[in-house]
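Have the structure open while you read.

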Amino acid sequence: DPQQIELATASKRKLRRFIVIDEVVDKLYGSKVRAYFRENNVQHKILSLPTTEETKSMDLVLNILQEVQSFSLDRRTEPIIAIGGGVCLDIAGLAASLYRRRTPYIRVPTTLLSYVDASVGAKNGVNFLQCKNKLGGYTPPVASFLDRSFIQSIPRRHISNGLGEILKMALMKHKGLFDLLKKHGKYLLDTKFQSCNGFAHHGDAALQTTRIAIETMLEELAPNLWEDDLDRLVDFGHLISPELEMRVLPSLMHGEAVNVDMAFMTYVAHARGLLGSGEKEQILQCMQGLELPVWHSGCSWALIQRALRERLKHGGGQPRMPLPTGLGVADIFNDTSEETLERAYELWVKD
């Protein structure tokens, strides 16, 4: 907006920005970020932090807030900028929401998982007492800036990790997205979601899959931003996985734990007669094609029972279990029997 640029440049006060950046991202891109702010004559403070599930705590949030206070941030005109994966965006978002009750912040996701998941929606939070995201709030960013070129520097396993959340949206809402993942999954892993010339037979699979994943996520989240309605299709893969992920840290990444949960729930859907054998096999083959785990030894029957009891506590006494009823279609179920769950588990482990 030319008027905004004129206002910004005409102001006697120097532009100032506070940036929270993941330390790995800082090693790769920090020099470019610093050069950008220098060239645009912006006074800046860059706080480089180790942002992992193990460090995702209130201690790190308080560390950020101490630095923000020292920087003397103006909460009306100087948004905090978070550059990193989902953990970094969650921690910085919570810090921003607490400082002066609400300071605007901007998300810049640098992993595939955060690109299609953490960049969308209002939630932020930290782990507490070995429970995933037990402390947090609902404060949406003023903007999310999406740049797929960040993804080219992350390891292949991290690409696969992000594909778990994309597959979630495909199974719940969009058969076309599921077909894209089946057809182009290996290509997307090989090219790290970059739009490459000379691969016309793939079209722009990276752009299509990320766009559809984000659009379907927004369709689900936007009308229910503060989760007033607890029946949420986006909770698929998130009934067992929070308990599993925290129990086996760091052996499973978030998207991998989500996929283990989705694989089990695929068996539950099959045991209930919602999915035929062919559809179940298609889903499992797609998961394996995306190099995602379909089982983990830590996911015991006792852990599943414990996770579902926890789900009842936070679901208003109902399990609110999203299950696929076909490829790209789903519904919420509250009447899955213990016997059905156990039968599904036994078949899953056997397979």
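Two strands count as paired here if DSSP finds at least two bridges between them. Keep in mind that this is a predicted model. By that rule, strand 1 (residues 16-22) and strand 2 are partners, running parallel over seven bridges. One place to look is Asp22, whose bridge partner in strand 2 is Leu49.

That pair belongs to an open sheet of five strands, in the order 2-1-3-4-7, with parallel pairing. Strand 2 (43-49) and strand 7 (143-144) sit at the edges with a single partner strand each, so one side of each has no neighbour in the sheet. In general, strands of a sheet pair through backbone hydrogen bonds, either parallel or antiparallel.

For the antiparallel sense, go to strand 5 (residues 123-128) and strand 6 (residues 131-138), which pair over five bridges. Lys123 stands opposite Tyr138 of strand 6. Two residues lie between the strands of this hairpin, and Leu129 has a positive phi there, near 55°.

Most residues other than glycine have a negative phi, and most peptide bonds are trans. Which peptide bond is cis, with omega near 0°? The one from Leu249 to Pro250. Pro250 sits in the loop between helix 9 (241-248) and helix 10 (254-271).

| Residue | Phi | Loop | Relative accessibility |
|---|---|---|---|
| Arg320 | about 45° | between helix 12 (301-314) and strand 8 (321-324) | 16% |

Are they buried or exposed? Arg320 is buried because its 16% is under 20%.

Stepping back, the chain holds 13 helices and nine strands. Its radius of gyration is 21 Å, which agrees with the value near 20 Å that a compact globule of 351 residues would have. The C-alpha atoms fill a box of roughly 70 × 50 × 35 Å along the principal axes. Of the 351 residues, 52% count as buried. Among contacts between residues at least 6 apart in sequence, 75% join residues at least 24 apart.

As for the surface, the chain exposes about 16,400 Å², with carbon and sulfur atoms supplying 52% of it. There are 42 positive and 42 negative side chains, and the centres of the two sets lie 6 Å apart.

Technical notes. Residues are numbered from 1 along each chain as its sequence is written. This is a predicted model: local features need pLDDT of at least 70, side-chain atom pairs count only at pLDDT 80 or more; totals for chains, interfaces and linings use all residues. Side-chain values use heavy atoms; hydrogens and water are left out. Helices (H or I, at least four residues) and strands (E, at least two) are DSSP runs, numbered from the N terminus. The radius of gyration is taken over C-alpha atoms; the globule rule is 2.2 Å times the number of residues to the power 0.38. Buried means under 20% relative accessible area, exposed over 50%, partly exposed in between (1.4 Å probe, protein chains only). Contact means heavy atoms within 4.5 Å. Accessible areas come from the Shrake-Rupley method with a 1.4 Å probe; for residues, only the protein chains shown count as cover. Lys and Arg count as positive and Asp and Glu as negative; His and the chain ends are not counted. The place of a charge is taken as NZ of Lys, CZ of Arg, CG of Asp or CD of Glu.
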